[in-house]
Amino acid sequence: EILSGLVGSEMCIRDRLSHVTLRQGVEQLQKSLIRQAVDKNNGSWSQAARQLDLDPSNLHKLAQRLGLK
């Protein structure tokens, strides 16, 4: 499953979700996916955007909103 490597076991997911709102959970997942994509692409934000199927300007705006830039 796509998310299994990101968030761990089902029990771990339940524990994490009991302490966050939906918005916080979505933001945490977005941050994790963006960080992984940027790392995988050796710091290239444009390549990370391509991997995430996002327009680079939208990735930059999202990263700024999430406090990643």
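This is a predicted model: local features need pLDDT of at least 70, side-chain atom pairs count only at pLDDT 80 or more; totals for chains, interfaces and linings use all residues.
Is N41 buried or exposed?

**Figure 1. Residue N41 in the loop between α3 and α4.** N41 has a relative accessible area of 18% and is therefore buried, the cut-off for this class being under 20%. Leaving aside neighbours within four places in sequence, the contacts of N41 are with Q47, A48 and Q51.

**Figure 2. Residue N42 in the loop between α3 and α4.** N42 is not a glycine, yet its phi is positive, at about 50 degrees. Most residues other than glycine have a negative phi. The relative accessibility of N42 is 75%, so this residue counts as exposed.

**Figure 3. Residue D53 in the loop between α4 and α5.** D53, a residue other than glycine, also has a positive phi, with a value near 60 degrees. With a relative accessible area of 70%, D53 is exposed.

**Figure 4. The packing of helix α3 against helix α5.** Helix α3 spans residues 22–40 and helix α5 spans residues 56–65. The two helices pack at an angle of about 125 degrees, and their axes lie 11 Å apart. The helices α3 and α5 are therefore oblique to each other. Their crossing is left-handed. On the α3 side, the contact is formed by E27, Q30 and I34, which meet L59, L62 and R65 of α5. By class, the residues of this contact comprise 3 nonpolar, 1 polar and 2 charged.

**Figure 5. The largest nonpolar core.** This core consists of 10 residues, namely I34, A37, V38, W45, A48, A49, L59, L62, A63 and L66. Two or more residues of the core come from each of α3, α4 (45–51) and α5. Within the chain as a whole, 17% of the 69 residues count as buried.

**Figure 6. The surroundings of I34, a residue of α3.** I34 belongs to the largest nonpolar core and also takes part in the contact of α3 with α5. When neighbours within four places in sequence are left aside, I34 is in contact with W45, L52, L59, L62, L66 and L68. Among these, W45, L59, L62 and L66 are likewise members of the core.

Figure 7. Of the contacts in the chain with a separation of 6 or more, 38% are between residues 24 or more positions apart.

Terms used:
Residues are numbered from 1 along each chain as its sequence is written. Side-chain values use heavy atoms; hydrogens and water are left out. Axes are lines fitted to C-alpha atoms, for helices over the stretch in contact, and angles run from 0 to 180 degrees between N-to-C directions. Helices (H or I, at least four residues) and strands (E, at least two) are DSSP runs, numbered from the N terminus. Angles under 35 degrees count as roughly parallel, over 145 as roughly antiparallel, 65 to 115 as roughly perpendicular and the rest as oblique. A crossing is left-handed if the near helix is turned anticlockwise from the far one by less than a right angle, and right-handed if clockwise. Contact means heavy atoms within 4.5 Å. Ala, Val, Leu, Ile, Met, Phe, Trp, Tyr, Cys and Pro count as nonpolar, Asp, Glu, Lys and Arg as charged, and the others, Gly among them, as polar. A nonpolar core is a set of buried Ala, Val, Leu, Ile, Met, Phe, Trp, Tyr and Cys residues joined through side-chain atoms within 4.5 Å. Buried means under 20% relative accessible area, exposed over 50%, partly exposed in between (1.4 Å probe, protein chains only).
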